[in-house]
Amino acid sequence: MNAYVIPFEQLGMGDLDRVGGKNASLGEMIGSLAKLGVRVPGGFATTAQGFREFLGQNGLGERIRAELASLNVDDVTRLAAAGARIRQWVLATPFPPALQQAVKDELRRMSGGMEIAVAVRSSATAEDLPDASFAGQQETFLNVRGEAAVLATMHEVFASLFNDRAISYRVHQGFEHSTVALSAGVQHMVRSDLGASGVMFTLDTDSGFRDVVFITASYGLGETVVQGAVNPDEFYVYKPALRAGKHALLRRNLGAKAIKMEYAPPGSGERVRTVPVAHADRMRFCLTEADLVSLARQALIVEEHYRQPMDIEWGKDGTTGEIFILQARPETVQSRAGRTIQRFSLKSRSQILSTGRSIGQRIGSGRARIIKDVAEMARVQAGDVLVSDMTDPDWEPVMKRAAAIVTNRGGRTCHAAIIARELGIPAVVGCGDATQRIREGQEVTVSCAEGDTGYVYAGLLEFERKQIELDSLPKIPVKIMMNVGNPDRAFDFAGIPNRGVGLARLEFIINRMIGVHPRAVLEYERLDDDLKAQIDTQMAGYADPISFYVEKLAEGIAQIAAAFAPEPVIVRLSDFKSNEYANLIGGGRYEPDEENPMLGFRGAARYVDESFRPCFELECRALKRVRGLMGLANVQVMVPFVRSVKEAKKVTELLTLNGLGRGENGLKVIMMCELPTNALLADEYLEHFDGMSIGSNDLTQLTLGLDRDSAIVAQHFDERDEAVKRLLAMAIAACRKRGKYVGICGQGPSDHPDLARWLVDQGIESMSLNPDTVVETWLFLAGESAEATSR
């Protein structure tokens, strides 16, 4: 075996000290996983011995050691000067002749004597370890052609071991500079410049949820995704469904994909260039469902081989349609998270300055520093909020000073997002306009604790931080479930101890993810051009308006169901009032103008009405898709606001006609007990349902004759009123007598722990609480208390 270069197929993870983590992993996958269907482009790696012999040239290694010995890496000005000097020394030092000849010989063997395009990548002997990622610390060069160019870029790769960010990162991770060697990997290029590429993780990067593969994708070479130069498409693939041969695509989010990186024209003097993406391509997903399944299957094979969550770069060849794994390394943030979780919540809100994708589920505040390029980094002081167009690894020495990071560009796997997670600080990426909307020196609060959307607020807002020891919660005599409306928070909330979801609201999904009135979807061809254009924008990436409505609704339901599987997830059918439906696109054409929508055309009455029945059937199609096609049979159906036993009979018959009959594939159909009639005639209603979930908000309103939206009578609203409690007791007793489910999903137990204890005494089976009150209520019922800190 050559002392200076080794083909990938002769390498494995036992060679980490010889060729670094990245190249060892490539060899491991080629040798062990190719036969299982993982496709990795071939190539070769230079050895650590070759690198150390290179450092022995002209006393280079000694000069570097002396330069770094007394360097304070937190002084970014001195760091930049020292790094620049060392890189100049490296580039001025020739390769040992034996190393240079070995590279030429192996390149000729690899190319068959023809000119081929290769990627030249760095692989440090201390990178891609389970507890240190070193991601992006050294350079990668794409579309490199010819021996001279390969050798020149290898020189750049060797020099990049001494980039400012790499020097700083090694110091902060506790690695001695002299113990880290560099290997250059030379790998066949995949023509993803004509296809697509991106990054995928075998867990959810924000919550650590392990049952999904999270995929980001954009057109062209993958550097734009890694750098955060584009807002990519994002996908979740559900592992259990994939293994079971079910429909596994859980969620899709269309990214802007404004630019792509491609090969530069011959003779231009450049290897790659960035160009705009055509509008029609931007408005569709860059991967097919078959592509996503292929990617996710390869990701599962890689994860199972390494026995840990993985961070994987991939590319789709635009000429052949084949998908390749370009590199794989251990995921080093969420996979190390323990059984203690922190929950952040704002105590107030103010003017929203900018919004983007939230990273980190935390809150940070400070003075904004608008940084245009790396030369301005020194202006960022401890506790500032770093605001920029995008970041790259050169910025890392000061990113750890920031209280939060905000960028115009980037998705959830871009550089800023990765580093924010490693540092444990919040980041809002892909804002588009942050550098225009936020003023230099302005006091701001960055909140990533409100779901998938991150917010930048004006001013320094107070927030609360709670720490929860998940393993220390005592046993209590009731099942604690959760109220979850936002699918984006489902993976996160599933980490809180629970027995499922007692109330999954469709309203959030319809309002935020769809935004269109269902009748406008059904009657799309009859709409005027302006309304059609609005709907076209909403449904970009989907085949037609009806498919968009059904599939998007199914995606939202499925994300919640997958997060909590195998625990039950009780999905309440839509319960918009007419004024709320009217606010959806096209809604004004179809909704009545009611004096009191709270008591009007809502709930079960809508479903059985001829004018709304086709809309209701869209919801049924989405639920059938989730339970059947995707295999998430933990989804149960709940019918809200049932005014009479006759209406109960009609709506359950309608559900059966739409493939959602009680008992089919284990389906349970629950009713909301939220009108006095439901409790008073509980035995009769239970002839048609498998149980009751008490909605204490409406039950209190209708028992006491209060408008719960009116501030004038708000002080009289109390779920603990004796009349309300008598109705609650009747409903609980009727369900227990029949051996049917009875729970509560209203606000009452979340607001009043004493009511929660009373319900337990009455024999309630479950309480579905707002996620932020689960631990407090749990401990109250066990006679303990939770700790919280605020600032």
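Axes here are lines fitted to C-alpha atoms, for helices over the stretch in contact, and angles run from 0 to 180 degrees between N-to-C directions. With that in hand, welcome to a predicted model, in which local features need pLDDT of at least 70 and side-chain atom pairs count only at pLDDT 80 or more, while totals for chains, interfaces and linings use all residues. Residues are numbered from 1 along each chain as its sequence is written, and side-chain values use heavy atoms, with hydrogens and water left out.

**Helix packing**

- Helix α3 (residues 60-69) and helix α4 (residues 76-92) have axes that come within 11 Å and cross at roughly 180°; helices (H or I, at least four residues) and strands (E, at least two) are DSSP runs, numbered from the N terminus.
- α3 and α4 are therefore roughly antiparallel to each other; angles over 145 degrees get that label, those under 35 count as roughly parallel, 65 to 115 as roughly perpendicular and the rest as oblique.
- On the α3 side the contact (heavy atoms within 4.5 Å) is made by L60, R63, I64, E67 and L68, and on the α4 side by A82, R85, I86, W89 and V90.
- The residues of this α3 with α4 contact divide into 7 nonpolar, no polar and 3 charged, where Ala, Val, Leu, Ile, Met, Phe, Trp, Tyr, Cys and Pro count as nonpolar, Asp, Glu, Lys and Arg as charged, and the others, Gly among them, as polar.
- Helix α19 (residues 545-564) meets helix α22 (residues 613-629) with axes that come within 8 Å and cross at roughly 50°, and α19 and α22 are therefore oblique to each other.
- Helix α5 (residues 97-111) and helix α6 (residues 147-159) pack at an angle of about 125°, with their axes 10 Å apart.
- α5 and α6 are therefore oblique to each other, and their crossing is right-handed.
- From α5, L99, Q100, V103, K104, L107 and R108 meet E147, V150, L151, M154 and F158 in α6; the contact of α5 with α6 has 7 nonpolar, 1 polar and 3 charged residues.

**Cavities**

- The structure holds 6 cavities of 30 Å³ or more; on a 1 Å grid over the protein atoms alone, a cavity is a set of points where a 1.4 Å probe fits but cannot get out, and lining residues have an atom within 4 Å of a point.
- The largest cavity contains about 170 Å³ of space, a volume being the space filled by probe spheres set on the points, with grid points joined across faces, edges and corners.
- Its lining has 19 residues, of which D206, Q361, R412, D452 and D488 lie nearest the centre of the largest cavity.
- At least two lining residues of the largest cavity come from each of β8 (233-238), β9 (249-253), β15 (352-359) and α15 (490-493).
- Sorted by class, the lining of the largest cavity has 3 nonpolar, 6 polar and 10 charged residues.
- The second largest cavity has a volume of about 140 Å³ and is lined by 14 residues, of which R121, L142, S192, G222 and L326 lie nearest its centre.
- α8 (223-227) and β12 (310-316) each supply at least two residues of the lining of the second largest cavity, which has 7 nonpolar, 4 polar and 3 charged residues.

**Backbone details**

- Most residues other than glycine have a negative phi, and most peptide bonds are trans.
- Q361 has a positive phi of about 55° although it is not a glycine, and Q361 is found in the loop between β15 and β16 (363-370).
- N665, also a residue other than glycine, has a positive phi near 55° and lies in the loop between α23 (645-657) and β27 (669-673).
- A565 and P566 are joined by a cis peptide bond with omega of about 5°, and P566 lies in the loop between α19 and β25 (569-572).

Key: 1 Å grid on protein atoms, 1.4 Å probe; cavity = no way out; pocket = protein on both sides within 12 Å on 5 of 7 lines; lining within 4 Å. Left-handed = near helix turned anticlockwise from the far one by under 90°.
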